[in-house]
Amino acid sequence: GLTAADKVYDGTTSATVSHSGVSFGGLVAGDTVTASGTSGLFGNKAVGTGKAVALSGTTYGGLDAGNYMFTDQASTTANITPKSLMIDLQGQGSRVYDGGTAITLSGVTPTLTGVLGGDSVTVASGNVTGFLDKNVGTNKAVTYSGFGLSGSDSGNYVLASSGAASTASITPRSVTVSGLTARDKYYDGTTVATVDHSGVSFSGVVAGDIVTASGTTGNFADAVIGSTKLVALSGTVYGGTDGGNYMFTDQTSTVASILEPATVMQNQQLLERSVGGVSQTGVGITPLSGTPLTMPQQSTLSYTISFTGGDPSGMMQLVSNTGTDKIVVNWSGERLLDGTSVISVLIPQSMILRGDWISFGLPDELIKEMGESPAGFTRSDGNPLPTWLQYDPEKRRFEIPNAAPASLPLEVTTIDHRQPIKVIIDTRAD
């Protein structure tokens, strides 16, 4: 009746013997005999069921033990069950965004917790169930699974779980941006360029991903008229459903032209009338009124006032039909980031040297767009207009009875900032 207790694998052959069920065949009724101190040993340390346990060293006692000669119980059986091990994942997995959720064990080393010293047990190959989503992020939850055990002592162990939870990262994918263009513009005295995003392309974007570009700022190197001029690009904002999964290499430049305002009217229906013998033509504007005697000196010649460059909503210029004198009032139809409309006025130096009475107006299309005429102008620094420059809010015109060359260039802005207009007045060579 001696028994050995089952045990969890501990790397030894020792067995714990229980004496509670001992019995003695041939014992005289009423006698008291006991057994204790029995040692038990498995034949080996390996896991197994119904393993033989050798018994020895039993000590007999009790009031009547000295009256007996005992034949010892030599053996019994018991089980050794596998020891449970835990998987510990060392390191963190990481991979570059590819639009999928899969990940490998690269960068992660699984180790075992609970292996007894001297035993040879290692982790067999595993796999991973993947990320919950495809997007870039750090410390994203993943579950590694399918692990097993190998090694000469692996049969004595069992994994508490064939999987292990951990975290891993998806890093942004590099993309190169191209295809941004800048639009040609007519000279307006500024370096601002309008950037077109319609042709943008992204080299390296995963098929099916949605990525956008917007908000790019463009600036010419200078405001001088010229063709295929370098335009610096900056400030591009990237978006779209998948924009956050990429690291963008910006397009930093493109080319465009700053054009001289055209002097030939293109495919425009002109309004023509004669006032006091002064022939004037225009598109969507009110011609000057008066006679050669009452109009400013420059208007005693025949002048053309027209929108040019093929864009009636764009530029206006006042052109002398004789000689080389030409005042150019140029409005690009575009605005700065703060909403300011920029008008450039170029006055021939010869007109200033002659002391001509110079007069020019704001483009009617701009006034229409604003809804009302500006009440007044100041210098851009906030000081009043110089005495040689006058503005008539009713006629929406500037007049310069006498302008000294040293007085130009000059920038003036509207007093009412709800109608931001900047007028840049400068001279040009004949």
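This report describes the strands, sheets, cores and aromatic pairs of a predicted model.

## Basis of the model

Local features in this predicted model need pLDDT of at least 70, side-chain atom pairs count only at pLDDT 80 or more, and totals for chains, interfaces and linings use all residues. Residues are numbered from 1 along each chain as its sequence is written, and side-chain values use heavy atoms, with hydrogens and water left out.

## Overall make-up

The protein has 2 helices and 42 strands. Both are DSSP runs numbered from the N terminus: helices are H or I with at least four residues, strands are E with at least two. Of the 430 residues, 41% are buried. Buried means under 20% relative accessible area, exposed over 50%, and partly exposed in between, with a 1.4 Å probe and protein chains only.

The protein exposes about 21,400 Å². Carbon and sulfur atoms supply 52% of that area. These accessible areas come from the Shrake-Rupley method with a 1.4 Å probe. Among contacts (heavy atoms within 4.5 Å) with a separation of 6 or more, 59% join residues 24 or more positions apart.

Strands pair if DSSP finds at least two bridges between them. β37 and β40 (residues 397-400) are joined by 4 bridges. S359 has E399 in β40 as its bridge partner.

Another open sheet holds 5 strands in the order β21-β30-β27-β26-β22, and its pairing is mixed. Its edge strands, β21 (185-186) and β22 (192-193), each pair on one side only. β22 meets β26 (residues 217-220) in the antiparallel sense over 2 bridges. There, A193 stands opposite G218.

## Nonpolar cores

A nonpolar core is a set of buried Ala, Val, Leu, Ile, Met, Phe, Trp, Tyr and Cys residues joined through side-chain atoms within 4.5 Å. The largest has 36 residues. V53, I87, L89, Y144, F202, Y246 and F248 touch the most other members. Strands that each supply at least two residues of this core include β7 (48-56), β10 (83-90), β15 (137-145) and β29 (246-249). Apart from it lies another core of 26 residues, among them I343, I367, Y391 and I421.

Y246 also reaches beyond its sequence neighbours. Leaving aside those within four places, its contacts include Y97, P172, R173, V175 and D209.

## Aromatic pairs

The whole structure contains 14 aromatic pairs. Rings of Phe, Tyr and Trp (its six-membered ring) pair if their centres lie within 6.5 Å; planes under 30 degrees apart are stacked, over 60 edge-to-face, and the rest tilted. F24 and F70 form an edge-to-face pair, at 5.8 Å centre to centre and 65° between the planes. This pair links distant parts of the chain, 46 residues apart. F24 lies in the loop between β4 (17-18) and β5 (34-36), and F70 in the loop between β8 (59-61) and β9 (75-81). F24 is partly exposed at 23% relative accessible area. F70 is also partly exposed, at 26%.

The rings of Y246 and F248 have centres 6.2 Å apart and planes at 50°, so this pair is tilted. Both residues, Y246 and F248, are buried.
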